[in-house]
Amino acid sequence: MNDAPTLQVTDLKTHFFTKAGVAKAVDGVTLSVNRGEVLGLVGESGSGKTVTGFSILGLVDQPGRIVSGSIRLNGEELVGKPEADLRKIRGRKVAMIFQDPMMTLNPVLRVDTQMIEAIRAHGDVSEEAARERSREALVRVGIPSPDERLQSYPHQFSGGMRQRVAIAIALLNEPDLIVADEPTTALDVTIQAQILYEVQKLCAETGLAMIWITHDLAVVGGLADRLAVMYAGRVVEEGPVDQVLDAPLHPYTRGLIGSVPSHNRRGARLSQIPGMTPSLLHLPEGCSFAARCPRADDACRVMPPLEGFGPSRAARCHHPFTAENDGQEIDLTFNE
Amino acid sequence: MSVFILRRLMQSALVMVAMAVIVFFGIHLIGDPVWMFVSPDMDQQDIEEVTRALGLDRPIWEQFGYFVLSALQGDLGTSFIFGEPALGLIIERMPATLELAFTALLMAVAFGIPLGLYAGLYPDSAVSKAIMAGSILGFSLPTFWVGIMLIMVFAVILGWLPSTGRGDTVDLFGVPVSFLTLDGLKHLLLPAFNLALLKISLVIRLTRAGTREAIHQDYIKFARAKGLSTRRIIGVHLLKNILIPVVTVLGLEFGSLIAFSVVTETVFAWPGMGKLLIEAIQQLDRPIIVAYLIMIVFLFVVINLIVDILYSILDPRVRLGDRGA
């Protein structure tokens, strides 16, 4: 088709206007996802990953709102669209999968009700046709005896099965983009592996673009094509997943990778990033990671721009770990 | 399911036996009804004759044994005052009370759910705050006082609605009802609202609390992410979840609506069971009091059973097992 990315988010700012002040949950996020591509969006809790996801679907609740920026889906601007138009896009062009499969399906409605309504909200489809499509969607995500399952209530499914149902619902209207907010965090590892495999297959087969929000670098390393690392409401590093994980540019990314337990350093003290995520209500001037960063100096009092490093990588740092200034392999810079 | 119902019925029978014992012996502590039937010029012999005629000369355990034997045959005693079977008198008055209670229940749902939903969806609006303040008043003001004020305002000052009686009735399946005539409806409005006020407040608070909680649940956000219309999200996804506690509580409260109607019926001279009970208490008409209380217990038991069954229909996670209640 065309070369334009499925989703292009530019300088998105979503702020929450609370009584305590303005919380800048998302403060200038820029990212893009292409057809058939999985973008891993990683960062710690409170870094703005989920709010970015909700912003794309236009589901930011009061007192939050998108202050500025642009979200283009297949070239179509979504920011500022009236709610009625956004409703038509949600579930049809962009779908979302949530973290906790125990909570996402309505406990008092049967699965078929919840699937059929998702189809009929976006087109004049007969009940039978919608049921048939629902059945097919269940088969596609690997749910056995779909006819029987359609008649069941969510509590009759296991957690993994429920997440499959949620994915099936997201797939019903063949969207261009799926935003998956930590969809496997609540599942056990074997189920997680199955679901990751199926999602990868789907993206490759259908050209579906996906944003996979997670804090689990191990999951994202095996699944994503590209990685965007978020910190305090901004993307601090972006690039192909292997390059980012093997040679992180940003000190924060390096700290994140260093804090993953591994076989090679068995018994060694796990590296931590000192300090805490800054309060979104009182973000410091300049680089928001400066207070925790071993490389910070006076230059970091000014916010660094998202700068390109080579054709496919970018980072928001005055002192990145590039080949010129950092010959060594990943060391545990953060260990005292 | 049938095992469940059977067990429940057996438990219910036990409750009713316990109730009968408590009521029968308790009532003997609140005065001797013989004194309601004698006049100052009667001599001791006349008084003893009245006592014998009422069966009050026997020891209490013998009276109780006789009561149980007759009760098993469907006879809950004969009213001292009316000289008619107590059960018959109560059943004769029951439609009026049930009509009042059902209307009040309907009002509780019809006003309570929409108002509670509004207050839950827009918690910061001035209207919502007014609704919540109103519900506190509904909770706190005593029923009899509200009844009197309703009569003052709508019957005395404005003269819009009548203050006493049932008005015109028509027979529906052989039972006289008020709500099918305009006059009857006018008579029904004030007492039913008086009785409903507490329940409206209760439903408002329940619905609001349920809405506040459910609106932040993931399944609501997921429903929005599916692109459903707001109407469907609130009308189906939200409402079906918050109806579960509302139905449970309302079902349980329906029994208390019937019991509470004693006050309302007295204020509005509504010719129902409650008014009969108050009169019976004033005249120490023991058989009516006993029969009334046993009827009420019976109603509570039946209503609770219906609520349990309804609950299992609304909430698929509840399946009535045979593990008992």
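1. Residues 100-121 of chain B form a span that is 100% helix and 0% strand, with end C-alpha atoms 31 Å apart. In this predicted model, residues 133-161 of chain B are 79% helix and 0% strand, and the end C-alpha atoms of that stretch lie 26 Å apart.

2. On confidence, the predictor assigns the complex an ipTM of 0.84 and a pTM of 0.77. For chain B the mean pLDDT is 84, and 98% of the residues of this chain reach 70 or more. Within chain B the lowest confidence falls in helix 2 (residues 34-37), with a mean of 73, whereas the highest, at 92, belongs to helix 6 (residues 126-140).

3. Helix 4 of chain B, residues 60-72, has 13 residues and reaches 18 Å from its first C-alpha to its last, which is close to the 18 Å expected at 1.5 Å a residue. Just after this helix, Gly74(B) takes a positive phi of about 85°.

4. Turning to the interface, 19 residues of chain B are in contact with 25 residues of chain A. On the side of chain B that touches chain A, the elements giving two or more residues are helix 9 (218-225) and helix 10 (230-267) of chain B, and helix 9 of chain B gives the most, with 7 residues. By residue class, this side of chain B divides into 6 nonpolar, 5 polar and 8 charged residues.

5. In chain A, the unreviewed UniProt entry annotates residues 7-257 as "domain: ABC transporter". Over that range the chain is 40% helix and 28% strand, and the end C-alpha atoms are 27 Å apart.

6. Chain A contains an open sheet of 4 strands in the order 2-1-4-5, with antiparallel pairing; its edge strands, each pairing on one side only, are strand 2 (21-33) and strand 5 (76-77) of chain A. Strand 1 (residues 7-18) and strand 4 (residues 64-73) of chain A run antiparallel and are joined by 8 bridges, and Val9(A) stands opposite Ile71(A) in strand 4 of chain A.

7. How many of the 10 residues of helix 4 of chain A are buried? The count is 8 of the 10, so this helix is largely enclosed by the rest of the structure. The buried residues of helix 4 of chain A are Val111(A), Asp112(A), Gln114(A), Met115(A), Ile116(A), Glu117(A), Ala118(A) and Ile119(A). Their cover includes helix 5, helix 6 (146-150) and helix 7 (159-171) of chain A, together with helix 10 of chain B. Helix 10 of chain B is also one of the elements that give two or more residues to the side of chain B that touches chain A.

8. Val125(A) is found in the loop between helix 4 (111-120) and helix 5 (127-140) of chain A. Why is Val125(A) classed as partly exposed? Val125(A) has 15 other C-beta atoms within 10 Å, and this count lies between the 12 or fewer of an exposed residue and the 20 or more of a buried one. Leaving aside neighbours within four places in sequence, Val125(A) is in contact with Ile119(A), Arg120(A) and Ala130(A). Val125(A) and Leu187(A), by comparison, are 62 residues apart in sequence and 34 Å apart in space, C-alpha to C-alpha.

Definitions and conventions: Residues are numbered from 1 along each chain as its sequence is written. Chains are lettered from A and ligands numbered from 1 in the order in which they are written. This is a predicted model: local features need pLDDT of at least 70, side-chain atom pairs count only at pLDDT 80 or more; totals for chains, interfaces and linings use all residues. The expected span of a helix is 1.5 Å times one less than its number of residues. Two residues are in contact if their C-beta atoms, placed from the backbone, lie within 7 Å. Ala, Val, Leu, Ile, Met, Phe, Trp, Tyr, Cys and Pro count as nonpolar, Asp, Glu, Lys and Arg as charged, and the others, Gly among them, as polar. pLDDT is the predictor's confidence in each residue, from 0 to 100. UniProt positions are given in the numbering used here, feature names are shortened, and annotations may be inferred rather than shown by experiment. Two strands pair if DSSP finds at least two bridges between them.
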